[in-house]
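Here are my notes for when you open this one up. Have the viewer ready and follow the points in order.

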Amino acid sequence: MNGSGGRLYFDSAQIDRGIGTLGLKLQFAAADDEEGIVSCLPLPAPRRMLLTMARPTKLQQLKSRGPAKNSDGRSQSYCADFIVYLRNECHLAENSIKAYSRDLKRFLDWLEDRSIPRLKIAELSQYVSWLCQRSLAPASVARHVVALRTFYKYLQLEGVVLDNPAELLTTQKMWQRMPGVLSPAQVDGLLAAPRRSDSYWQRDRALLEVLYATGCRASEVCGLRLQNVNLKQKHLKCEGKGGKQRMVPLGLRSIESIQLYIDQLRVRLVALAAATPEHLFLSRSGQALDRVQVWRLVKRYAQRAGISDDISPHSLRHSFATHLLAGGAGLRQVQEMLGHANIQTTQIYTHVDHSRLQKVHREFHPRA
């Protein structure tokens with residue numbers, strides 16, 4: 001064996017004396033080699049062999065270095081890169097990305113000068129306690145924990161951390177809450193609340209009709225495009241969570257309200273826009289309505305109709321599902337119209353309508 005310039009030379013006789021001895025020599029030589037590679041070049045002898053030891057893997061390098069030092073700037077960078085990852089690679093909806101951003105901002109507020117790669121399960125448990133001390137609802141705390149788990153999975157993919165301590169976090173078990181539902185009479189009062197004296201009554205009435213007739217979420221109604229509404233075929237195509245599209249039927253009253261709005265008001269709102277808008281429901285400036293504006297409209301007309309202040313656009317979605325089940329619709333059909341991925345989410349509406357349960361009880365129980 002000869003060596004020069006960080007290289008070791010072995011002939012075949014030395015190699016034949018034992019793989020174990022050779023392995024020890026290679027490991028010893030690798031410690032002195034800055035590049036982590038031991039090369040065996042041919043000598044002018046009859047039999048020479050070339051041996052190469054591969055570089056350590058990325059995981060081995062991370063383990064040898066230990067957790068990286070971190071600063072507040074690096075933490076901000078991790079979170080910013082994570083949001084880009086959610087948008088460009090996971091293709092999450094914009095509302096979901098905003099929710100992740102808010103949850104991570106709160107995590108950074110708690111983090112202060114702590115180092116993300118050095119956090120352990122005990123410290124992350126302190127973060128959950130910190131959230132509870134801020135009087136957040138159990139559902140909000142659970143959402144923050146889910147966001148943290150996803151964030152740590154991303155850090156694992158990027159090689160920033162080796163393990164995911166957030167997977168060990170637990171949250172308080174949440175009670176199943178019954179959704180608030182309007183009676184058919186209350187729905188009629190709400191849909192009739194827009195008056196002809198209101199500036200945009202055609203749009204507002206069509207908006208309320210679509211919310212109740214389709215059971216769409218407020219964000220889905222805001223995202224409706226004119227080309228996705230087929231009044232002749234009596235259906236519309238909406239885009240739900242995760243970009244999933246579904247077809248939802250339209251009733252006669254909602255079709256008449258939409259047609260009236262398009263003919264009388266929308267054409268005027270389009271003229272106010274800088275560019276031709278694609279969305280169905282427009283604001284007074286010709287831009288697409290957003291969720292906050294829809295929420296305010298529902299609140300205003302609910303107050304005018306004398307309905308509780310707890311009413312929101314989602315109340316019409318709950319009422320849509322409950323009234324369908326009360327009328328005899330199948331659970332699978334309601335699930336499809338609501339766009340639920342899991343039928344267990346739809347089953348909660350079977351516990352809301354007591355008249356349906358009473359009817360089943362009277363029909364089938366021997367002592368009803």
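Which residue forms a salt bridge with E220, and how far apart are the closest N and O atoms? The partner is R217, with the closest N and O atoms 2.4 Å apart. By salt bridge I mean a side-chain nitrogen of Lys or Arg within 4 Å of a carboxyl oxygen of Asp or Glu.

1. **Ground rules.** This is a predicted model, in which local features need pLDDT of at least 70 and side-chain atom pairs count only at pLDDT 80 or more, while totals for chains, interfaces and linings use all residues. Residues are numbered from 1 along each chain as its sequence is written, and side-chain values use heavy atoms, with hydrogens and water left out.

2. **The overall picture.** The chain has 16 helices and five strands; these are DSSP runs numbered from the N terminus (helices H or I, at least four residues; strands E, at least two). Of its 368 residues, 39% are buried. Buried means under 20% relative accessible area, exposed means over 50%, and partly exposed is in between (1.4 Å probe, protein chains only). Among contacts (heavy atoms within 4.5 Å) with a separation of 6 or more, 55% are between residues 24 or more positions apart. The structure holds nine salt bridges.

3. E220 is buried, with a relative accessible area of 3%. R217 is buried at 11%, and R246 counts as buried at 10%.

4. **R317, the one I'd look at next.** R317 sits in helix α13 (residues 313-326). R317 is buried yet has no salt bridge, and the nearest side chain of opposite charge, E220, is 4.4 Å away. For charge, Lys and Arg count as positive and Asp and Glu as negative; His and the chain ends are not counted. What R317 does have is a polar contact of 3.4 Å with the side chain of H340. A polar contact is a pair of N or O atoms within 3.5 Å; within protein, one must be able to donate a hydrogen and the other to accept it, and residues adjacent in sequence count only if both atoms are side-chain atoms. Leaving aside neighbours within four places in sequence, R317 is in contact with G215, C216, R217, E220, R246, L338 and H340.

5. **The helix around R317.** α13 is largely enclosed by the rest of the structure, because 10 of its 14 residues are buried. The buried set includes L316, R317, H318 and F320. α13 reaches 20 Å from its first C-alpha to its last, close to the 20 Å expected, where the expected span is 1.5 Å times one less than the number of residues. G328, with a positive phi near 105°, follows α13.

6. **α6, buried on one side.** Helix α6 (residues 121-133) has 13 residues and reaches 19 Å, close to the 18 Å expected. Its buried residues are L124, Y127, V128, W130 and L131. They lie on the same side of α6, because they cover an arc of only 155° around the axis; the arc is that of the directions from the helix axis to the C-beta atoms. These residues pack against α5 (94-111) and α7 (138-157).

7. **Positive phi outside glycine.** S135, in the loop between α6 and α7, has a positive phi of about 60° although it is not a glycine. S135 counts as exposed at 67% relative accessibility. K234 also has a positive phi, near 60°, and is found in the loop between β3 (229-230) and β4 (235-239). K234 counts as partly exposed at 47%.

8. **E278 in its loop.** E278 lies between α11 (252-272) and α12 (291-304) and is partly exposed, at 48% relative accessibility. The side chains of E278 and R225 are joined by a polar contact of 3.0 Å. Not counting residues up to four places away in sequence, E278 touches R225, L226 and R266.
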